[in-house]
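Student: Hi! Could you walk me through this one? I'd like to hear about cavities and then salt bridges.

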Amino acid sequence: MKEMANNLIIRALSANAKSFSLSSRKISDLPKSIARLKCILALHLNNNLLSVLPTELKSLQRLTELNLGNNILLEIPVVLKHLHALRKLYLFGNKIERLPPDIFEELPNLTLLNVNHNKIKVIPPQIKSLVNLEVFSIMDNLLECVPAELCCLVQLTEINLNNNKVSSLPPVLGRLSNLRKLYLARNNLYELPEGISGCKSLRILDVAGNLLTMFPTDFGFLALEELLCEGNSLVHAELMTSVQEIEVLSLKELAAREVLMEKRNQCSVVHRTLPLYPELVSMLSQWGWCAVCHKPFLTTWLECVQFVNLKIDMGMKRNLTVPVRAVLCSYTCFNEKGHSYYGIASTV
């Protein structure tokens with residue numbers, strides 16, 4: 001096998017090739033002569049039996065694309081951190097269990113990272129070093145959470161987290177304003193983060209096979225073209241009799257609402273002095289808007305749902321009605337006529 005690989009390397013050198021492939025050759029070891037291919041831009045080593053890479057690979061300083069998919073790597077080879085020009089890295093279909101933080105810091109030009117079909121449990125926060133990353137695919141692994149640092153990668157246009165064990169997403173997901181495709185199918189998600197409307201470029205959202213009951217309050221502001229949501233526990237529109245609880249707001253809630261109202265007035269004493277009390281600012285940062293009266297509140301008093309038609313209300317091709325979360329500040333607002341919000345029944 002090594003002799004065959006050496007012969008192919010000699011041919012590539014003679015042809016001054018910019019791309020070189022040893023794909024599907026049943027290779028278990030790369031010959032050291034690979035270091036002679038200093039001018040190649042793309043190297044394809046997928047569908048082999050590679051468990052390690054030779055240190056000589058670091059000589060390929062012009063390499064921009066490397067495909068190591070479908071091998072038997074147990075870890076990401078350390079030699080990769082020397083390939084500073086690398087833009088596309090494929091590591092799918094190996095046996096990798098962790099993403100080493102130090103390698104990310106050495107690959108700032110990476111635009112595509114594919115680690116599908118491995119055994120990865122954690123995305124390290126150092127992933128934020130991949131400042132030029134546009135496509136991140138880590139489907140079919142063992143992830144349970146997603147670090148907030150992933151949302152620092154504002155150049156991302158596609159994220160694929162399908163087939164993992166993720167139960168929640170970072171609240172700052174909305175920072176990814178260039179994100180066009182988000183695949184979250186077959187995870188353990190109970191909800192999507194509020195503020196997802198910050199993903200203004202999002203066109204495809206796949207949340208099929210999760211545990212969602214409704215979509216977040218600002219979901220209707222997304223300019224989606226395709227939504228996949230089968231296999232969830234979405235709330236259905238069924239009329240039921242209910243008993244209205246007595247409405248009693250705490251002193252803390254009443255005071256918070258007054259402060260939040262005054263804060264909107266830039267000339268008020270509250271607006272000017274509030275920054276002097278960081279603990280109070282932190283507490284009030286969790287405020288929300290009432291969907292009916294549009295006044296601020298601190299604690300959600302009544303969680304409701306509005307049923308949105310994807311075709312009529314959001315301009316999608318699919319004629320499907322989905323539940324979207326809405327929050328109200330009081331039963332007084334809930335009892336107002338003319339709105340389309342429904343209370344959510346809890347069964348005992």
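**Cavity and salt bridges**

Tutor: Happy to! The structure holds one cavity of 30 Å³ or more; a cavity is a set of points, on a 1 Å grid over the protein atoms alone, where a 1.4 Å probe fits but cannot get out. This is a predicted model, where local features need pLDDT of at least 70 and side-chain atom pairs count only at pLDDT 80 or more, while totals for chains, interfaces and linings use all residues. Residues are numbered from 1 along each chain as its sequence is written, and side-chain values use heavy atoms, with hydrogens and water left out.

Student: How much space lies in the largest cavity?

Tutor: About 50 Å³, a volume being the space filled by probe spheres set on the grid points, which are joined across faces, edges and corners.

Student: And which residues line the largest cavity?

Tutor: The lining (residues with an atom within 4 Å of a point) consists of Val 146, Leu 150, Cys 151, Ile 159, Leu 161, Leu 169, Pro 170, Leu 173, Leu 182 and Leu 184. By class, that lining has 10 nonpolar residues, no polar and no charged. Here Ala, Val, Leu, Ile, Met, Phe, Trp, Tyr, Cys and Pro count as nonpolar, Asp, Glu, Lys and Arg as charged, and the others, Gly among them, as polar.

Student: Switching topic: how many salt bridges does a search of the whole structure find?

Tutor: Five, taking a salt bridge as a side-chain nitrogen of Lys or Arg within 4 Å of a carboxyl oxygen of Asp or Glu. One of them joins Glu 230 and Arg 318, at 2.2 Å from N to O.

Student: Where do Glu 230 and Arg 318 lie?

Tutor: Glu 230 is in the loop between strand S10 (226-228) and helix H3 (251-263), and Arg 318 is in the loop between strand S13 (302-309) and strand S14 (321-328), so the pair ties together parts 88 residues apart in sequence. Helices (H or I, at least four residues) and strands (E, at least two) are DSSP runs, numbered from the N terminus.

Student: Is Glu 230 buried, exposed or partly exposed?

Tutor: Partly exposed, because its relative accessibility is 39%; buried means under 20% relative accessible area, exposed over 50%, and partly exposed in between (1.4 Å probe, protein chains only). Arg 318 also counts as partly exposed, at 33%.

Student: What about Arg 325?

Tutor: Arg 325 forms a salt bridge with Glu 303, with the closest N and O atoms 2.4 Å apart. Arg 325 lies in strand S14 and Glu 303 in strand S13, so this pair ties together parts 22 residues apart in sequence. Glu 194, Glu 303 and Arg 325 are linked in a network of salt bridges.

Definitions and conventions:
1 Å grid on protein atoms, 1.4 Å probe; cavity = no way out; pocket = protein on both sides within 12 Å on 5 of 7 lines; lining within 4 Å.
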